[in-house]
Amino acid sequence: MNIVRKLVLSASVIALSCTAVMAKDLTVGFSQIGSESGWRAAETSVTKLEAEKRGITLKFADAQQKQENQIKAIRGFIAQGVDAILVAPVVATGWEDVLTEAKEAKIPVILLDRGVDAPQDLYLTSVASDQVKEGRVAGEWLVKTVGEKPCKVVELQGTVGSTPAINRKKGFEEAIAGKANITIARSQTGDFTRAKGKEVMEGFLKAENGGKDICAMYAHNDDMAVGGIQAIKDAGLQPGKDILVVSIDAVPDIFAAMVAGEANATVELTPNMAGPAFDALDAYLKDGKEPEKFIITESKLYTPADNPQGEYDNRKGLGY
């Protein structure tokens with residue numbers, strides 16, 4: 001628990017500088033996508049801890065990766081008259097009606113981790129990483145690592161239509177643009193899950209000469225990467241050597257893979273979106289101060305040179 005508290009307290013400058021206590025008896029609804037990945041579980045854990053630390057009653061709803069469940073949950077929060085709503089949207093489209101309902105009920109909505117295709121006046125703020133930058137950092141690492149060597153990449157995409165899948169693909173493609181030696185040979189959704197990532201990678205390996213024609217695997221999250229690593233091992237190849245592995249999130253298991261020599265790089269996505277979100281909500285409820293529309297977290301690259309055993313030890317208690 002000390003590790004969790006340390007991350008929560010240090011993850012944002014805002015959280016460190018803001019010591020005021022929120023209005024008492026504050027109730028906030030939280031519509032979470034589900035638990036499709038270790039990172040998602042950590043985000044849920046840290047959000048609950050942040051709420052407890054601030055004396056907020058948090059009403060939690062797990063959407064099990066279905067938008068209709070999220071919309072139902074948000075409407076339930078509105079009916080209950082909560083003070084605010086946090087939502088990590090499973091996909092980008094289809095939110096305008098329910099967000100309009102929240103606005104009409106004068107309940108501020110804060111987006112966590114993912115964005116939506118809706119008018120910006122329908123939500124108070126969005127706390128997220130720069131997902132395009134995450135993909136770009138991953139791509140830049142690959143460009144630097146392979147140099148002029150021919151490199152066929154297979155890509156494990158996130159959930160179709162989700163902003164991370166769209167943006168992490170865009171950033172990666174921007175990084176390798178103009179590098180004729182690096183090509184994305186195959187790209188398919190693994191739905192951000194370990195099992196689906198393994199299944200899709202198995203298909204890629206069969207289609208690419210048993211994997212011998214693959215230079216690198218780029219996964220939109222670490223869980224798919226871990227599934228892909230298992231598929232590579234099952235095919236008789238060495239992940240991290242025969243096939244380079246780069247992914248996004250920086251969850252404990254990817255650091256364990258680095259320690260084993262089976263992964264090469266990951267880009268961090270902090271699970272503490274709630275700290276900055278609650279700080280923005282606090283200021284808004286107290287003073288009517290409109291926060292920045294987009295609050296951006298850091299995107300840091302980690303490789304085996306960055307003490308992966310230590311990173312694993314520091315993160316393993318975060319609920320991943």
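What follows is a short tour of the sheets, the salt bridges and the disulfide. Keep in mind that this is a predicted model. According to UniProt, in an unreviewed entry, residues 29-289 carry the feature "domain: Periplasmic binding protein". That span is 45% helix and 20% strand, and its end C-alpha atoms sit 21 Å apart.

**The six-stranded sheet**

- Let's start with an open sheet of six strands, in the order E7-E6-E8-E9-E10-E12, where the pairing is mixed.
- As background, strands in a sheet pair through backbone hydrogen bonds, in either a parallel or an antiparallel way.

**Helices lying across that sheet**

- Helix H9 (residues 222-234) lies across E6, E8, E9 and strand E10 (265-268), and it runs at about 155° to E9.
- Helix H10 (residues 252-259) lies across E9, E10 and E12, at about 155° to E10.

**Another strand pair: E5 and E11**

- Strand E5 (residues 125-129) and E11 are parallel and joined by four bridges.
- Within this pair, Val127 has Ile295 of E11 as its bridge partner.
- Side chains in a regular strand alternate between the two faces of the sheet.
- Which residues of strand E11 (residues 294-297) are on the covered face, and which on the uncovered one? Ile295 and Thr297 make up the covered face, while Phe294 and Ile296 are on the uncovered face.

**Salt bridges**

- There are 27 salt bridges in the structure. The general idea is simple: side chains of opposite charge can pair when their charged atoms come close.
- One of them joins Glu36 and Arg114, whose closest N and O atoms are 3.9 Å apart. This pair links distant parts of the chain, 78 residues apart: Glu36 is in the loop between strand E1 (27-32) and helix H3 (38-53), and Arg114 is in the loop between strand E4 (109-112) and E5.
- Are these two partners buried or exposed? Buried counts as under 20% relative accessible area. Glu36 comes in at 9%, so it is buried, and Arg114 is buried too, at 2%.
- Arg114 also meets the side chain of Asp113 in a salt bridge, 3.8 Å from N to O, and both of these residues are buried.
- Put together, Glu36, Arg40, Glu43, Asp113 and Arg114 form a network linked by salt bridges.
- Elsewhere, Glu155 and Lys169 form a salt bridge with their closest N and O atoms 2.6 Å apart. Glu155 lies in strand E6 (residues 151-157) and Lys169 in helix H7 (residues 163-176), so the pair ties together parts that are 14 residues apart in sequence.
- Glu155 is buried, with a relative accessible area of 0%.

**The disulfide**

- How many disulfides are there? The count comes to one, and it joins Cys151 to Cys215, with 2.1 Å from S to S.
- The link of Cys151 and Cys215 is left-handed, with -85° about the S-S bond.
- Here, too, distant parts of the chain are linked: Cys151 is in strand E6 and Cys215 is in the loop between helix H8 (194-207) and E8, 64 residues apart.
- Cys151 and Cys215 are both buried.

Notes
Residues numbered from 1 in each chain as written. Predicted model: local features only at pLDDT ≥ 70, side-chain atom pairs only at ≥ 80, totals over all residues. Heavy atoms only, no water. Buried < 20%, exposed > 50% of the residue type's maximum accessible area, 1.4 Å probe, protein only. Helix = DSSP H or I, 4+ residues; strand = E, 2+ residues; numbered from the N terminus. Pairing = 2+ DSSP bridges. UniProt positions renumbered as here; feature names shortened; annotations may be inferred. Salt bridge = Lys/Arg side-chain N within 4 Å of Asp/Glu carboxyl O. Contact = heavy atoms within 4.5 Å. Axes fitted to C-alpha atoms, helices over the stretch in contact; angles between N-to-C directions. Disulfide = S-S within 2.5 Å.
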